[in-house]
Amino acid sequence: MKKVLFIASTGGHLSELLQLSPIFKNYDYTIITEKTKSNMGLSQKHPNRVYYLIAGTYTTFSAKIVYPFKFIANCFKSLYFFLKVKPDVVITTGAHNTVPMCYIAHLFKKKVIFIETFANSSGKTKSGKLVYPIADKFIVQWESMLEFYPNAIYGGWIY
């Protein structure tokens, strides 16, 4: 059975990723997201299949100072989780803390599937810009996004 690692940052990105939960049962799956109060129930719903990165945001001045350190720590945590899980495929809906996992998977010659967020229909996201060149499949949810990602696959909405 294929090992699939599903990874997303907290909030809307995770909500989008969880729309794929009906296919989880087809794989030996693992979920990785950021550790927040709202995500703690995820490990009860998917026992022994959820790992957490350090929650990181960079919206306030003080958070911008701390964020680079959290991001670096999450790079190491991502490598640790990748080596522990040994996935065949990494599927992500973004954002920032998921990019290192995509590059780690690419480095180890594993498949990377990036689903550009539903919330964006008029331009590239930062994580999309970074992952597009290395993604094996890059899926957009709006047909208009093919203008920005010409080699992407229009998959429609996952909601």
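Hi everyone. Let me start with a term: a residue is called partly exposed when its relative accessible area falls between the buried class, under 20%, and the exposed class, over 50%. Please keep in mind that this is a predicted model.

With that in hand, take L83, which sits in helix α4, spanning residues 61–85. Its relative accessible area is 42%, so L83 is partly exposed. L83 also belongs to a nonpolar surface patch, together with L79, L107 and F108. As a group, those four have about 370 Å² of accessible area.

Now to helix α5, residues 99–107. Which of its residues are buried? They are V99, P100, M101, C102, I104 and A105. And what covers them? The cover includes helices α4 and α6, along with strands β1 (3–8), β2 (28–34), β4 (89–94) and β5 (111–115).

Helix α6 covers residues 126–131 and contains K129.

Last stop: I153, in strand β7, residues 153–154. I153 has 40% relative accessibility, so I153 is partly exposed too. Leaving aside residues up to four places away in sequence, I153 touches K137, F138, I139, V140 and L146. Its C-alpha is also 8.7 Å from that of Q141, a residue twelve places away along the chain.

Methods. Residues numbered from 1 in each chain as written. Predicted model: local features only at pLDDT ≥ 70, side-chain atom pairs only at ≥ 80, totals over all residues. Heavy atoms only, no water. Patch = residues over 30% accessible without salt bridge, like charges linked within 9 Å, V, L, I, M, F, W, Y side chains within 5 Å. Areas by Shrake-Rupley, 256 points an atom, 1.4 Å probe, with all protein chains shown as cover. Salt bridge = Lys/Arg side-chain N within 4 Å of Asp/Glu carboxyl O. Helix = DSSP H or I, 4+ residues; strand = E, 2+ residues; numbered from the N terminus. Buried < 20%, exposed > 50% of the residue type's maximum accessible area, 1.4 Å probe, protein only. Contact = heavy atoms within 4.5 Å.
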